[in-house]
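User: I am new to this structure and would like to go through it with you. Could you bring it up first?

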Amino acid sequence: MQRGVHGSTLAAPSHVARASRCAASLPLTVRRLLFPYLFVWVLGFAVIRIAVVPAEVCPDVTADEVHAAAVASADWLARNLDEDGKFVYGYNRETVEVNPDYNIVRHAGGTMSLYQMVLAGETDFLPAADRAMGYLLDRLVVADDYATIADHGDRARLGTVGFVVSSLIMRREATGDTSYDELMQQFGRFMLGQQLPDGAMLAFWDRETEAPSPNERGPFATGEALWALFELDRLYPEGGWDEPALLTAQYLARGQRERDEGYLARLPDHWAAYSLEAMAPDLRDEEMVEYARRLAGYFSMRTRIEAQRRGEGINVLVRYYPGPPAGVGTAGEGMAALYRMAAEDERLADLRPDMAERLECLAGIQVKSQISASQAAAGPNPGLTEGAWFYLDYTQVDGQQHVLSALLGAEQAMREMEETAE
Amino acid sequence: MILISTENTTAIMVFAFIAYVAAVNPPRLRIGLPESHGRARFGPLLAGSALVFVITAALALSAEAMLDWFQITAESWRMASGIIVGLVGARVLVAPQRADEPVLDGWGAALVPVAFPLLFTPQLAALAVLFGGTESTTVAVGMLALSLAVTVAVGMMRRTREALWLASARFFGALLIIVAVLEVVEGIRDV
């Protein structure tokens with residue numbers, strides 16, 4: 001109603017007069033009212049469609065294609081590993097330059113993904129994985145009853161050690177070789193030495209003082225170490241790894257890490273997802289299940305946004321370019337870990353179909369954006385491009401690592417869904 | 001998001017009812033209705049509400065197919081609908097009274113202004129698609145019917161204290177913002 005009418009309850013002079021006029025001329029009312037509204041509706045719909053919910057496009061792929069993409073990615077890692085077991089860290093196809101930098105945590109992550117391939121049955125990658133592991137073990141530091149990895153006199157990084165332990169456990173499962181058992185437990189004791197009373201973990205260890213660097217945290221180091229601790233607990237249930245691991249798991253689940261490290265939002269921590277998967281079922285209380293649900297939500301949203309990215313036209317303005325493969329991959333591998341966890345935990349069973357759908361979608365996107373052999377052959381240095389994913393013409397070892405892990409998880413989910421459908 | 005994510009059907013129904021009522025905003029509709037004799041108002045109000053019910057229920061019932069066609073997951077639409085209803089809620093808070101617009105007389109009032117632009121609004125359409133795409137027909141359509149019934153009842157009330165009606169309209173705007181926040185957060189947490 002119509003300002004000027006509301007003020008007086010029954011006397012509605014302007015309103016009645018207007019109503020009478022309009023009743024006499026319906027087309028005019030239609031023009032004056034409906035057309036502007038229609039314009040606003042159409043404009044609003046267009047804005048919502050373009051800016052808020054662009055089409056989520058998930059290319060169709062088969063489980064075999066997903067597996068082949070994972071193998072091609074592992075091939076990139078194996079091919080770009082030198083005699084010392086060091087990966088090519090990064091490559092820019094625009095400038096045709098290899099990035100001379102290096103990061104030992106990412107090296108350890110790449111190594112871990114090669115062992116994931118071995119564990120998935122691709123045993124041809126074992127020599128490459130072992131060579132990459134050799135690069136890490138060449139930097140072994142043993143002190144008292146614990147051991148760590150420190151690169152070129154640098155401080156030891158908690159995440160590196162976490163990956164080494166998880167990798168060696170995968171290697172043990174794949175090969176049955178128990179020769180690293182004692183070393184793995186020494187690494188485990190190192191990680192416990194980094195733990196604070198509230199469950200937080202310090203990210204660095206100083207070689208000179210042979211002690212943790214105080215007050216230095218890392219956003220993902222805690223999850224990387226936690227995963228390894230739960231893997232140790234799985235391997236040695238009587239080893240006493242469960243209590244400290246649970247303490248750190250609670251530290252993460254309660255959001256204390258984000259408060260301590262100054263993050264406004266909860267971190268979508270894929271390593272925490274791996275940790276929850278590795279956690280013994282009797283330790284998984286409702287708090288852990290709720291944390292798993294929360295993480296699954298983050299990974300899902302990341303995947304949905306990725307599916308909305310076209311990388312061209314007006315879509316670039318609202319969604320930017322398709323995300324860095326490492327970032328997209330983490331969402332996939334985190335979701336895959338939770339998918340496997342949900343297979344054992346009835347409390348998460350309701351999420352499995354949606355998780356599988358997101359994994360399949362992400363796999364489709366990544367398979368279609370991977371550099372094929374023919375695309376690689378058309379440019380310089382095909383060995384540095386084939387099987388890789390590029391973000392703004394740059395690829396890096398962790399891009400291959402994270403997507404590879406995500407693809408392996410997606411493949412499993414797709415095969416299980418196919419079986420269920422049959 | 002205890003309320004939305006719960007498996008408790010009653011809680012979901014209550015939430016859907018509150019969301020629909022906040023979207024329709026009965027006091028705002030009442031302010032926007034021509035001030036006429038009770039019986040004269042009842043017919044157009046009922047007819048307009050029935051028309052909106054049919055259109056909106058059709059949207060809700062075809063929501064899944066529609067979202068599929070547009071390649072939008074229900075989880076993403078939950079966030080989008082949260083944004084839509086949040087913007088409308090903010091606007092209602094600022095301006096609880098609609099602008100002066102032409103209306104039709106007699107039964108024509110069922111069409112303009114009752115059905116359009118008062119009842120059939122972007123926020124109502126967005127919520128109908130959301131509940132139609134994610135909840136049961138009982139929730140999506142049943143709660144819509146109930147909220148429109150409440151709206152008809154409020155529409156028949158006498159408007160004596162203008163300030164009270166405006167405050168009520170603002171209250172429903174604020175409620176819409178709460179619904180929006182819940183939907184966006186739930187959209188982030190949905191898998």
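**Salt bridges and a pocket**

Analyst: A:Glu416 is partly exposed, with a relative accessible area of 23% (buried means under 20% relative accessible area, exposed over 50%, partly exposed in between, with a 1.4 Å probe and protein chains only). This is a predicted model, in which local features need pLDDT of at least 70 and side-chain atom pairs count only at pLDDT 80 or more, while totals for chains, interfaces and linings use all residues. Residues are numbered from 1 along each chain as its sequence is written, chains are lettered from A in the order in which they are written, and side-chain values use heavy atoms, with hydrogens and water left out.

User: Which side chain does A:Glu416 meet in a salt bridge?

Analyst: The partner is A:Arg352, at 3.0 Å, N to O. A salt bridge is a side-chain nitrogen of Lys or Arg within 4 Å of a carboxyl oxygen of Asp or Glu.

User: Is A:Arg352 buried or exposed?

Analyst: A:Arg352 counts as buried, at 16% relative accessibility.

User: How many salt bridges are there over all chains?

Analyst: The whole structure has 33. One of them joins A:Arg139 and A:Asp151 at 2.7 Å, N to O. A:Arg139 is in the loop between α5 (126-137) and β3 (140-143) of chain A, and A:Asp151 is in the loop between β4 (146-149) and β5 (156-157), 12 residues apart. Both residues are buried.

User: Now the second largest pocket, please. How much space lies in it?

Analyst: About 1,100 Å³. A pocket is found on a 1 Å grid over the protein atoms alone, as an open set of points where a 1.4 Å probe fits, with protein on both sides within 12 Å along at least five of seven lines; lining residues have an atom within 4 Å of a point. The volume is the space filled by probe spheres set on the points, which are joined across faces, edges and corners.

User: Which residues are closest to its centre?

Analyst: Of the 38 lining residues, these are A:Trp41, A:Gly44, B:Ile84, B:Pro122 and B:Gln123.

User: Which element gives the most to the lining?

Analyst: That is α2(A), with 13 residues.

Conventions
Helices (H or I, at least four residues) and strands (E, at least two) are DSSP runs, numbered from the N terminus.
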